[in-house]
Amino acid sequence: MALGLYLVVVLICLLVVGGTVGLLMMVRTPRYRTEPSHLLQVFDRVLAGQATESEWHATVGYPIRHDAYLEGVRRKAQQIMDEHGRPWQVAQGGSLLSRSGREELGVLRDELASRMIDKEGKREF
């Protein structure tokens, strides 16, 4: 009787563990792809003085592997933050970047927006 109960428990454990492993092997890990519109939204919020440091780092702080141009834009934006960032001022109602940083970010934002418009125009034809 004890051996029968032992075998039932072992089989149930193997079934549960095997099912869990099988399910985990079939499920893919979630992936987040930063798109140009995501960068533009964050840039616009920074330029308007509404972005938080967390919001900036969540979007700009992670590498973009699927688009070399976007990765370049992300790196330039990160460089602007490194040179002109003032995260301590956000808590006091200030902007995340200094005035010269906002100007540089505005130029970068305009370049990205014009590239998006050009890409969309080429897709329509």
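These legends describe close-up views of a predicted model.

**View 1**
Helix α1 covers residues 2-26, a run of 25 residues. From first C-alpha to last, helix α1 reaches 36 Å. That is close to the 36 Å expected at 1.5 Å a residue. The number of buried residues in α1 is zero, so the helix lies largely in the open.

**View 1. The span from Gly4 to Lys76.**
Lys76 belongs to helix α4. Its relative accessibility is 46%, so Lys76 counts as partly exposed. Gly4 and Lys76 are 72 residues apart in sequence. Their C-alpha atoms lie 67 Å apart in space.

**View 2. The largest pocket and its lining.**
The largest pocket has a volume of about 270 Å³. One part of the lining is Arg31, Tyr32, Arg33 and Thr34. The lining also includes Ala58, Thr59, Tyr62 and Pro63. Ile64, Arg65 and His66 line the pocket too. By residue class, the lining divides into five nonpolar, three polar and three charged residues.

Six salt bridges occur in the structure. In one of them, the side chains of Arg45 and Glu55 meet at 2.6 Å, N to O. This pair links distant parts of the chain. Arg45 sits in helix α2, residues 36-47. Glu55 sits in helix α3, residues 53-60. How accessible is Arg45? Arg45 is partly exposed, at 31% relative accessibility. Glu55 is also partly exposed, with a relative accessible area of 23%.

**View 3. The start of helix α4.**
Asp67 lies in the loop between α3 and α4. At 17% relative accessibility, Asp67 falls under the 20% limit and therefore counts as buried. At the start of α4, a side-chain oxygen of Asp67 reaches to within 3.0 Å of the backbone nitrogen of Tyr69.

Helix α4 has 17 residues, which should span 24 Å at 1.5 Å a residue. Its end C-alpha atoms are 24 Å apart, in agreement with that value. Buried residues of α4 include Leu70, Val73, Arg74, Ala77 and Gln78. Ile80 and Met81 are buried as well. Why are Arg75 and Glu71 separated by about one helical turn? They are four residues apart in helix α4, residues 68-84. Glu71 counts as buried, at 11%.

**View 4. His84 and Ser100.**
His84 is placed in helix α4. Its relative accessibility is 16%, so His84 counts as buried. Ser100 is 16 residues away from His84 along the chain. The C-alpha atoms of His84 and Ser100 are separated by 7.2 Å.

Where does Ser95 lie? Ser95 lies in the loop between α4 and α5, the latter being residues 99-124. At 10% relative accessibility, Ser95 counts as buried. Its side chain reaches the backbone oxygen of Leu97 at 3.3 Å. A polar contact of 3.3 Å also joins the side chains of Ser95 and Arg102.

**View 5. A salt-bridge network at Arg109.**
Which residues are linked in a network of salt bridges? The network links Asp44, Arg109 and Asp110. Between Arg109 and Asp110, the closest N and O atoms are 3.8 Å apart. The salt-bridge limit is 4 Å, so this pair qualifies. Asp110 is partly exposed, with a relative accessible area of 47%. In general, side chains of opposite charge can pair when their charged atoms come close.

Conventions:
Residues numbered from 1 in each chain as written. Predicted model: local features only at pLDDT ≥ 70, side-chain atom pairs only at ≥ 80, totals over all residues. Heavy atoms only, no water. 1 Å grid on protein atoms, 1.4 Å probe; cavity = no way out; pocket = protein on both sides within 12 Å on 5 of 7 lines; lining within 4 Å. Points joined across faces, edges and corners; volume = space filled by probe spheres on them. Nonpolar A, V, L, I, M, F, W, Y, C, P; charged D, E, K, R; others polar. Helix = DSSP H or I, 4+ residues; strand = E, 2+ residues; numbered from the N terminus. Buried < 20%, exposed > 50% of the residue type's maximum accessible area, 1.4 Å probe, protein only. Expected span 1.5 Å × (residues − 1). Polar contact = N/O pair within 3.5 Å; in protein donor to acceptor, adjacent residues only side chain to side chain.
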